[in-house]
Each structure stands twice: as structure tokens, then as C-alpha cells.
Amino acid sequence: MSIYFMKKEELENFILMYLEGTLDDEKKAILLKEISENKESAKLFLELKFIWDSSGKDLFIKEAESKNEFEKFKKNTFADKRSLIQESKKLRYNTFLKYAAIFIVGFGLAYIVAKLSLSKSHQEVSMFNMIIVPKGQRSQLVLADGTKIWLNSDTKLKYPEKFIGNSRKVFLDGEAYFEVAKSKKIPFIVDAGKMEISVMGTTFNVRNYPEDKKIETILIEGKVSLRTNDIGNKLNTEYILKPNQKATFIKSANAILITDLKVEKPDNKGSDNATSGKSESVAASIVTWKEEVLNIDNESFLDITRKLERWYGYEIKIKDTTLLKNRFKGRFDHHETIFQVLDAIRVSTPIKYIVNEKTITIDKR
Amino acid sequence: MKISDTKINDILKANDNFAFEQIFKTYHSKLFAFARRFVKDKESARQLIMDVFLNLWNQHEKIELINNIESYLIVCTRNQCLNYIRSKKDKLKYYSETDLKLIEYELNYYQSPQIIDNLFAEKLQEEIDKAILKLPPQQQTVIKLSRIDGLTSGEIAQKLELSKRTVETHIYAALKFLKENLKPFIY
């Protein structure tokens, strides 16, 4: 004999109301408690829900519709794998446009307040938009002047809605790849906090995460000039970066180092006649994140964990700090998971990891 | 039609478009019907199932991980449903925390292969339609207004000039009758 916590009639009534969508939240909680504690009630609930759903309209899809879905699927995948990636990029871009719109409202208000209080100043003020790319995501945008910008995970970019005056200036926290539209008169300036990068029309990558010890600029083509943002310093010289060079600004030393990027000698001698001929841009082969390829280029475990946190949106905790000095190399496709990366590391290094929702704890094995 | 799992692994590994089509056609409508039990907005359910197949397609190179294609697809669909409901994106329904828990409770139930098989039974819709025709006329009218036109008991009561209590009794009786008639699908 089963004993009902609820009277049978009351239970039936609750279930029916739940199915019709007229049961209030308080009563839903009672229903949930009842079915969690009473097997008979759970059975009744599940069976009635099953029948209710099964007898509803539109539960089943028509064969023709199903076929149609397959055609869509085919278009996205079989024909061109890339279009799929683009599609998802477009989607992300749209979400960020929404964010941007929110910020426009915010800045718009600030702008109006400022204009009211400064009554008759005729200076034209440009409105700034801010794009925030969360961890685990990447995005791209095109500025009013035609400059294309790819934004890596965990990045903030502040940019004017349109460029006014004699410079084009954006503010970057995080990593971005720029393809700057050419303009001989108006330089394009990336303000990376402690350092400023000024260009006329080139392609380059800037990495400026607040928590990193350095700011890196890699030039793919064209010419850029760099300067520390140390205004009081009269010795603040300008540095010129050539293609395939990397500028590293070391925050603690307030100094810029310039290094040449070297071509990696492939291990396999047999297949390197292609590389010895026309040299593909070394810099471009290092900056791969915008192709959705995660490149680990002889980096320390500490740097890699930061990179992985941003790339995949996980938090990584390292239990044994002796691991941090190990270095790794590797390339991972956009569809490879963080676990595959960790498994690859595990091949050469004795680590183990424990996953708890969005946190990964790594320890020595 | 049921494709054996070994064959599916071969198909996916071989990167064979035609064969993938077979998988899609075998499971698409089933997964859709499954998702529709939890996702009220039809368009969203459609997109959600598309994502399930895109995931499968993107995974095809490392398919060793997939032992049983059907459970793999079910798990994917369950997760997609949960994520979707948690994100509160359904245009047709607002989900409270309690709603989420009830749905999770229900989704957890759909785990044993046998239950899932029944859920997928191709004859289910046919049998439901047949059983509805066997109901007494009044119950038939009421259940159709409820399940096809989506009216609540209150609305049906008004329309048919019956008391709400009577309508509820009819719906309940009809559901019970269907439940008895569809027993082989429930267990």
C-alpha cells in the first residue's frame, strides 16, 4: 500500500495544472518535493507528462521538414567547413554588437551630461564604444575607417564610433590583431596602457593583458613605431619595428626589447623544400589565434595556463608550482578541447588533473 | 531502421558524407521529438538539434570516444536542452528555478536505454492518434482543445459552457485512458 504525502486527488490536480502551465511556483515546489520523496507520485507524474507531451501538437517533425533540415546541415558542413566557422563568428559578432549598443547608451548619457555642464563649448566629442570579449570566446569587428580587428579571449577594446581629428586611436586591454586601413595623413594608434603603437597602414598583433608582465607586439607586414607611455621621460625614444620582428615591453623595467622571429627548422628534412623557397611570414605562423588555432610556442606552463584559461574560459589551479617552469610547444585546432591539450601535455610531463565544473586543478602525478 | 554502432563508427571515421546523411535521417526526427518535450519553442528545438549534429560532425575525427551513437546523441540533446532552459531563452515560457529542477528531474529519468527506445518508437504518434479516437466524444473534444489548440481547462470550460471541474475530470480521464492504451510505450 502506498501512502501519499499529498492526497491522490490533490496530486492529480497539481500535475494537471503543471501540464497546463497554470501551477504557481509555490505549488510547483510542493509537487517537486512530493515526486522526489514518493516513488508512486513520481511514476504518475512522469507517465502523465509523457502522455501529455506525446499527444501535443508539433512534437513530431514531418519527414519533409527533416529532409529540409538535412539540406541546411549539408550546406553548412559538407560543402565548406569554413562557412560554419564564419557563421558562428558572425553570431558572436552580433552578440557583441549588442554589448556595444549597451555601452553606447552608457557613454551617450555621459556625453549628454558633459555637454550640458560645459554649456557652450563647441568642441566635437567622439563617442566611444567598448567591446568586451569574455574568456573562451573570440570576436572581430570593422571600424568606421575600414580597419579590421580580431579580438582574442578576455579582451576589452575601446574605440570611437567615428574618428575625429588627426589621429585614429583605440584602447586595448587584452590581445588583438589589426589590419589597419591605409591613411597617409592620419596615424592609427593603439593605446596599450604603458605603451603606444602608432602605424599608418599595416598588419600586426598586440598582446596586452593587465595580469601579464609584458606587452608584446608582433609585426606581420608594413611598419610600426612604438613608444612607452612614460610622458615625463625625455629619453622616451621611438622604436621602429620591421616585419617578422617582435617588440616586448617589460613592465617592471619600463623598457622595450626588439627581437627577430626565427624560422623553425622542420624536424622532417624530407619535406622542407617548400620552406626554403618562398618564405611564408614567420610572424603570421606565430599569430594563429585568429584562425581559431591555439599556438603554444615554447612557452612556460605558467603562460600556458593563462592562455588556456582565456581560450577555453576555465579557471586553472596549479597545486605543484615546480610544474610552472616546464616548457611546451604545440598547435591545437579550434575543435580541440582543453582536455585534449592537457592530455597532450601529459604525454611528456607527469601531471594529473581534476575537473570540477569550470575549474581544473592540476597536480604532479 | 537501426544502424549498428560499429558501422556508425566506420561511417564517421571514413568522413563519408552520404553515410552521415543516413545517421542524420535515422535520428533527426527522434531527437527533435525528444527535445520538444522540454523546449516549448519549436524553432529553438530545431536549432538545438542542428547543434547536436554539428557537434557530432565536428567530432568525427576522434570518434573512438563514441561507443554508442544513440546514447551519445541523447546525452548531447539532454545537455543542449538543459543549457537552453537554463539560459532562459525560450520565448514561449519563462522558467523559474523550480521549473528547472522539475525538468532536470524529468530529464534524469530519460537515461535507461529502454525508456529512450520507447520514447523513440516510430509508432508512438500513430498509436496516440488511434487511442484518442477511442475516447468518448466529450473527452475527445476536450482533449483535442487542450492538446491541439493549447487551451487551459478554464478556457475550455468557458468555450463549452461546462464547469472547470468537469473539464479537468474529462482531461484527467482522457490522459489516464491514453496512459493505459500506451502502456507498452511507457515501460
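Colleague: In chain A, what share of the contacts with a separation of 6 or more comes from residues 24 or more positions apart?

Modeller: In this predicted model, such residues account for 51% of those contacts in chain A.

Colleague: And what is the figure for chain B?

Modeller: For chain B, 62% of the contacts between residues at least 6 apart in sequence join residues at least 24 apart.

Colleague: What about accessible surface?

Modeller: Chain A exposes about 20700 Å², with carbon and sulfur atoms supplying 53% of it. The surface of chain B comes to about 9100 Å², and 52% of that belongs to carbon and sulfur atoms.

Colleague: Switching to the interface. How many residues of chain A are in contact with chain B?

Modeller: 48 residues of chain A are in contact with 53 residues of chain B. The area buried between the two chains is about 5400 Å², and carbon and sulfur atoms give 64% of it. On the chain A side, A:Phe50, A:Phe60 and A:Phe73 lose the most area to chain B, together 12% of what that side buries.

Colleague: What about charges and polar pairs between the chains?

Modeller: The count is seven salt bridges between chain A and chain B. A:Glu47 forms a salt bridge with B:Lys179, where the closest N and O atoms are 2.9 Å apart. Across the interface there are also 16 residue pairs in polar contact.

Colleague: Which helices of chain A supply that side?

Modeller: H1 (8–20), H2 (25–37), H3 (39–54), H4 (63–79) and H5 (81–117) of chain A each supply at least two residues of the side touching chain B. H3(A) gives the most, with 13 residues. The residues on that side of chain A divide into 21 nonpolar, 10 polar and 17 charged.

Colleague: Where does A:Ser54 sit, and is it buried or exposed?

Modeller: A:Ser54 is in helix H3 of chain A. A:Ser54 counts as buried because its relative accessible area is 2%, and the cut-off for buried is under 20%.

Colleague: What is around A:Ser54?

Modeller: Leaving aside neighbours within four places in sequence, A:Ser54 is in contact with A:Leu59 and A:Phe60, and with B:Arg37, B:Leu124 and B:Ile128. A polar atom of the A:Ser54 side chain also lies 2.5 Å from the backbone oxygen of A:Phe50.

Colleague: How do the two residues stand for exposure?

Modeller: A:Asp154 is partly exposed, with a relative accessible area of 25%. B:Glu161 is exposed, with a relative accessible area of 73%.

Methods:
Residues are numbered from 1 along each chain as its sequence is written. Chains are lettered from A and ligands numbered from 1 in the order in which they are written. This is a predicted model: local features need pLDDT of at least 70, side-chain atom pairs count only at pLDDT 80 or more; totals for chains, interfaces and linings use all residues. Side-chain values use heavy atoms; hydrogens and water are left out. Contact means heavy atoms within 4.5 Å. Accessible areas come from the Shrake-Rupley method with a 1.4 Å probe; for residues, only the protein chains shown count as cover. Buried area is the accessible area (1.4 Å probe) that two parts lose on being put together, summed over both. A salt bridge is a side-chain nitrogen of Lys or Arg within 4 Å of a carboxyl oxygen of Asp or Glu. A polar contact is a pair of N or O atoms within 3.5 Å; within protein, one must be able to donate a hydrogen and the other to accept it, and residues adjacent in sequence count only if both atoms are side-chain atoms. Helices (H or I, at least four residues) and strands (E, at least two) are DSSP runs, numbered from the N terminus. Ala, Val, Leu, Ile, Met, Phe, Trp, Tyr, Cys and Pro count as nonpolar, Asp, Glu, Lys and Arg as charged, and the others, Gly among them, as polar. Buried means under 20% relative accessible area, exposed over 50%, partly exposed in between (1.4 Å probe, protein chains only).
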